[in-house]
Each structure stands twice: as structure tokens, then as C-alpha cells.
Amino acid sequence: MKAVILLSGGLDSATVLYQAKADGYECHPISFDYQQRHRRELDSAFRIAQTAGVVKHQVVNFDLRQWGGSALTDDTINLPQERSLEEMSQKIPVTYVPARNTIFLSFALGYGEAIAAQRVYIGVNALDYSGYPDCRPDYIQAMQKVFQLGTKQGREGNPIEIVAPLIDLKKTEIIQLGNQLGVPWELTWSCYGGSDVACGVCDSCRLRLAAFAELGLKDPLTYAEA
């Protein structure tokens with residue numbers, strides 16, 4: 001059995017990769033260099049894929065900076081910093097990249113059908129405070145319909161299944177699951193800051209640090225501020 005895994009290099013996607021392995025799938029991770037501010041995450045994706053012993057790690061290149069529309073693809077938009085969890089939950093943040101998961105899942109679908117995969121794994125999480133629209137259950141359900149209707153494999157009655165094992169988990173529960181699966185947290189990368197050292201103050205860093213702290217665990221990454 002084969003599975004394509006969307007692997008960003010972050011905490012969530014690394015956990016999903018290790019979950020796919022535990023589920024018995026031959027893993028084919030795919031990462032994306034879309035000229036994101038935090039391209040440092042691709043180094044982590046590469047190392048995680050190596051450590052996990054995957055079949056083949058693909059990196060797809062395209063440039064979303066041509067369009068911008070996000071703090072991750074436009075340096076003139078400032079990253080949110082030092083926000084409380086309550087502030088993060090109030091509205092969709094400027095780190096939302098327009099239609100990013102739809103783009104990613106489209107690549108994963110094409111790759112998956114080409115290699116006759118049974119599943120595409122994605123590390124979306126609906127309980128994350130950021131509330132991205134393309135991380136919610138109704139979105140995943142709609143994309144599953146696309147997978148069914150938009151491919152030969154789907155029309156012949158064997159659609160590729162989208163698996164989102166973290167969608168209903170809190171960040172603390174994801175870390176606990178990753179601990180059970182043996183995810184190497186020291187290789188992962190969550191920071192949006194665009195430096196070689198995690199900033200500790202962007203939303204992604206703060207969510208990660210808060211989850212480790214709530215569990216009474218030390219995050220193995222080094223932070224500029226914490």
C-alpha cells in the first residue's frame with residue numbers, strides 16, 4: 001500500500017508521516033518550495049524524510065510570491081508577534097496563504113494517482129487557534145469529493161482517500177501522539193520568522209511552546225526568545 005504525505009517539516013506534518021508509517025503504508029512525502037518566508041522548514045522536511053526511511057521525497061517548486069496576499073509570501077506584510085492564544089483565535093491571520101492547501105492537495109492527488117496510491121495524508125488541524133479555512137473538516141470533505149470526481153481512479157470506484165488524523169486533536173494531543181510514534185521533534189521546524197533560529201514570538205512558535213509547556217515537556221528547539 002502506498003501513501004503520499006504532505007510534509008512541511010513542521011510538528012504536525014512530521015507526526016502525520018510517522019502515523020502513515022505506523023499504519024503500514026509505503027511513504028512518499030511531498031514538500032513545497034513556494035518561496036515562503038520560512039523556507040528553512042524544507043531543511044527539516046528533508047531530514048525528517050531521511051530519518052523516517054521513506055521511499056522517495058519529492059520537492060515541488062513554484063513561486064507564490066508572484067501573487068503575495070500573505071505574510072508568508074510578501075515581506076511587506078508584518079508577521080504577527082507576541083499574540084495571546086485568545087488574540088490568535090479572533091480571525092483568520094495574515095499568515096493564511098490563499099488556497100495553499102488546495103494547491104498542495106492538487107499536487108498530492110496528481111502524484112498519488114500516478115503512483116497508484118491509496119491515501120494522501122495531511123496534517124491539518126481544526127482546533128489550531130489560527131482557524132485557517134482550509135484546515136477544517138468541511139473543506140477536507142469537499143476535497144475528498146474532488147478526489148473522487150476528478151480522477152480516473154475515483155471514477156472507476158477506487159478514489160484516493162484523504163486522511164487527516166490530527167484534525168480533531170489539540171496541539172498537546174498531537175505532541176503526545178508524536179511521542180508515542182517516536183517523532184524526532186529536534187528535527188522539526190515551526191517558526192514563520194525566516195531565520196535559522198526559531199523566533200519564539202510568532203504565532204506558530206507560541207502555539208508550539210505553549211503546548212510543550214502545558215505537557216511539562218521541554219521543546220528541543222533553540223529559540224531566540226521564549
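**Helix packing and local features**

I begin with helix 4, residues 100-114, and helix 5, residues 137-149, which pack at an angle of about 35° with their axes 11 Å apart. Please bear in mind throughout that this is a predicted model. The crossing of these two helices, helix 4 and helix 5, is right-handed. On the helix 4 side, the residues that meet helix 5 are Asn 101, Thr 102, Leu 105 and Leu 109. Their counterparts in helix 5 are Tyr 139, Met 143 and Phe 147. Sorted by class, this contact of helix 4 with helix 5 has 5 nonpolar and 2 polar residues, and no charged residues.

While we are at helix 5, let me point out Lys 145, which has its place in that helix. Lys 145 is partly exposed, with a relative accessible area of 44%. The C-alpha atoms of Lys 145 and Pro 159 are separated by 9.1 Å, and these two residues are 14 residues apart along the chain.

Helix 7, residues 171-181, packs with helix 8, residues 203-214, at an angle of about 70°, and their axes are 9 Å apart. How are helix 7 and helix 8 oriented, roughly parallel or roughly perpendicular to each other? An angle from 65 to 115 degrees counts as roughly perpendicular, and helix 7 and helix 8 are therefore roughly perpendicular to each other. Helix 7 passes helix 8 in a right-handed crossing. From helix 7, the contact is made by Lys 171, Thr 172 and Ile 175. From helix 8, Leu 207, Ala 211, Phe 212 and Glu 214 take part. By class, the contact of helix 7 with helix 8 has 4 nonpolar residues, 1 polar residue and 2 charged residues.

Which residues of helix 7 are buried? They are Lys 171, Thr 172, Ile 174, Ile 175, Leu 177 and Gly 178. What covers these buried residues of helix 7 includes helix 1, residues 11-22, and helix 8.

Two residues let us follow this region further. Phe 212 is found in helix 8 and, at 2% relative accessibility, counts as buried. The C-alpha atoms of Phe 212 and Ile 175 are 7.6 Å apart in space, and the two residues are 37 residues apart in sequence. Leaving aside its neighbours within four places in sequence, Phe 212 is in contact with Leu 11, Ile 175, Trp 185, Leu 217, Lys 218, Asp 219 and Pro 220.

Leu 181, in turn, is found in helix 7. With a relative accessible area of 22%, Leu 181 is partly exposed. Leaving aside its neighbours within four places in sequence, Leu 181 is in contact with Thr 15, Tyr 18, Gln 19 and Ala 22. Leu 181 and Val 16 are 165 residues apart in sequence, with a C-alpha to C-alpha distance of 9.7 Å. Just after helix 7, Gly 182 takes a positive phi of about 80°.

That brings me to the cysteines. How many disulfides does a search of the whole structure find? The search finds 0 disulfides. A disulfide is a covalent bond between the sulfur atoms of two cysteines. For Cys 202, the closest cysteine sulfur is in Cys 199, at 3.7 Å, which is too far for a bond. For Cys 205, the closest cysteine sulfur is in Cys 191, again at 3.7 Å and too far for a bond. The cut-off applied here is 2.5 Å between the sulfur atoms. Cys 202 is buried, with a relative accessible area of 1%, and Cys 205 also counts as buried, at 1% relative accessibility.

I close with two backbone details. Most residues other than glycine have a negative phi. Glu 82, a residue other than glycine, has a positive phi near 55°. Glu 82 has its place in the loop between strand 3, residues 58-61, and helix 3, residues 85-88, and counts as exposed at 54% relative accessibility. Ala 99 has a positive phi of about 60° although it is not a glycine. Ala 99 is found in the loop between helix 3 and helix 4, and at 35% relative accessibility it counts as partly exposed.

Thank you for your attention.

Notes. Residues are numbered from 1 along each chain as its sequence is written. This is a predicted model: local features need pLDDT of at least 70, side-chain atom pairs count only at pLDDT 80 or more; totals for chains, interfaces and linings use all residues. Side-chain values use heavy atoms; hydrogens and water are left out. Axes are lines fitted to C-alpha atoms, for helices over the stretch in contact, and angles run from 0 to 180 degrees between N-to-C directions. Helices (H or I, at least four residues) and strands (E, at least two) are DSSP runs, numbered from the N terminus. Angles under 35 degrees count as roughly parallel, over 145 as roughly antiparallel, 65 to 115 as roughly perpendicular and the rest as oblique. A crossing is left-handed if the near helix is turned anticlockwise from the far one by less than a right angle, and right-handed if clockwise. Contact means heavy atoms within 4.5 Å. Ala, Val, Leu, Ile, Met, Phe, Trp, Tyr, Cys and Pro count as nonpolar, Asp, Glu, Lys and Arg as charged, and the others, Gly among them, as polar. Buried means under 20% relative accessible area, exposed over 50%, partly exposed in between (1.4 Å probe, protein chains only).
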